[in-house]
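Colleague: I would like to go through the strand pairing and the aromatic contacts in this model. Shall we take them in turn?

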Amino acid sequence: MKRIVLISDLQMPLENKRANRNLIAFIHDSQPDEVINIGDINDYTAPAHWSAGKRAEYGMNVRQEAAYTRRHHLDPIRAGYDGPYTLLGSNHGERPLRYLADRAPALYDEVAFREDKLLLLDDYGMRFEPTRYDFAPGWSAIHGHARGINLARYAGGTAINATRVYDRNIAMGHTHRAGIISRSIAPGATRTLTGVELGHLMDINKAAYLGSERIANWQSAFGLFHIDGTTVTPHIIPVSRTGSFLVEGERYK
């Protein structure tokens, strides 16, 4: 029986600090067979299109953000867990390269500003998958920002739409929603595909682009998958606004 922890959309340094610490503690305690980070590990606020010409564009630069993430997530992870850790490419992860291509093409450097290089993943013995990671029989992890996936307004809806694109079970982030939806597509319901959206681990109070009321159909959560041969059972672990959660009979607060 394998156990895999799937996390998404920390968007550091806008993360829920307590949720991040509790998640790391759970990983240390449980020693999963693998950790998969679905992407948007960094926010990369400065090169965001909505930061252009505003104070945010002159805030923490991308190297400083990457250093922050190493210091507050990758270093603590490796302090108590030496198992496989895979990061997927994502829309926020692409921001530094897109910024250079759009606004400073003469300085464009596809290698130096690729997210895995900014985060020094090789130094941590961590993998980077730019687009898709087939992590279990019949299951793929994607961030969810690729073209061709229809966004839904309800939790799990975008992931189930992605199963139509990939013809596989899908675990994804990007929407900041947490939900599981299945659909049966063969006579006698002999084949079922499942889509899982893993929520987010941001501090919603730091999401200034939501406006002063911070209203959004988002849910804080992460995923815990049990894998036994070809049988894969996904679980969503809700995370409270304070960063606490209950998992496998233990409360992390």
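Colleague: Which residue in β6 does Ala 136 stand opposite?

Modeller: This is a predicted model. In it, β5 and strand β6 (residues 139-142) run antiparallel and are joined by 3 bridges. The residue in β6 opposite Ala 136 is Trp 139.

Colleague: Which strands stand at the edges of the open sheet?

Modeller: The sheet has 5 strands in the order β5-β6-β7-β9-β8, with mixed pairing. A single partner strand is found for each of two members, so one side of each is left without a neighbour in the sheet. Those edge strands are β5 (132-136) and β8 (178-184).

Colleague: At about what angle does helix α6 run to β9?

Modeller: Helix α6 (residues 157-166) lies across β5, β6, β7 (169-172), β8 and β9 (192-198). Its angle to β9 is about 135°.

Colleague: Why is the pair of Phe 26 and Tyr 252 edge-to-face?

Modeller: Phe 26 is in helix α1 and Tyr 252 in strand β13 (residues 250-252), 226 residues apart. Their ring centres are 5.7 Å apart. Planes over 60 degrees apart count as edge-to-face. The pair therefore gets that label from its plane angle, 80°.

Conventions: Residues are numbered from 1 along each chain as its sequence is written. This is a predicted model: local features need pLDDT of at least 70, side-chain atom pairs count only at pLDDT 80 or more; totals for chains, interfaces and linings use all residues. Side-chain values use heavy atoms; hydrogens and water are left out. Rings of Phe, Tyr and Trp (its six-membered ring) pair if their centres lie within 6.5 Å; planes under 30 degrees apart count as stacked, over 60 as edge-to-face and the rest as tilted. Helices (H or I, at least four residues) and strands (E, at least two) are DSSP runs, numbered from the N terminus. Two strands pair if DSSP finds at least two bridges between them. Contact means heavy atoms within 4.5 Å. Axes are lines fitted to C-alpha atoms, for helices over the stretch in contact, and angles run from 0 to 180 degrees between N-to-C directions.
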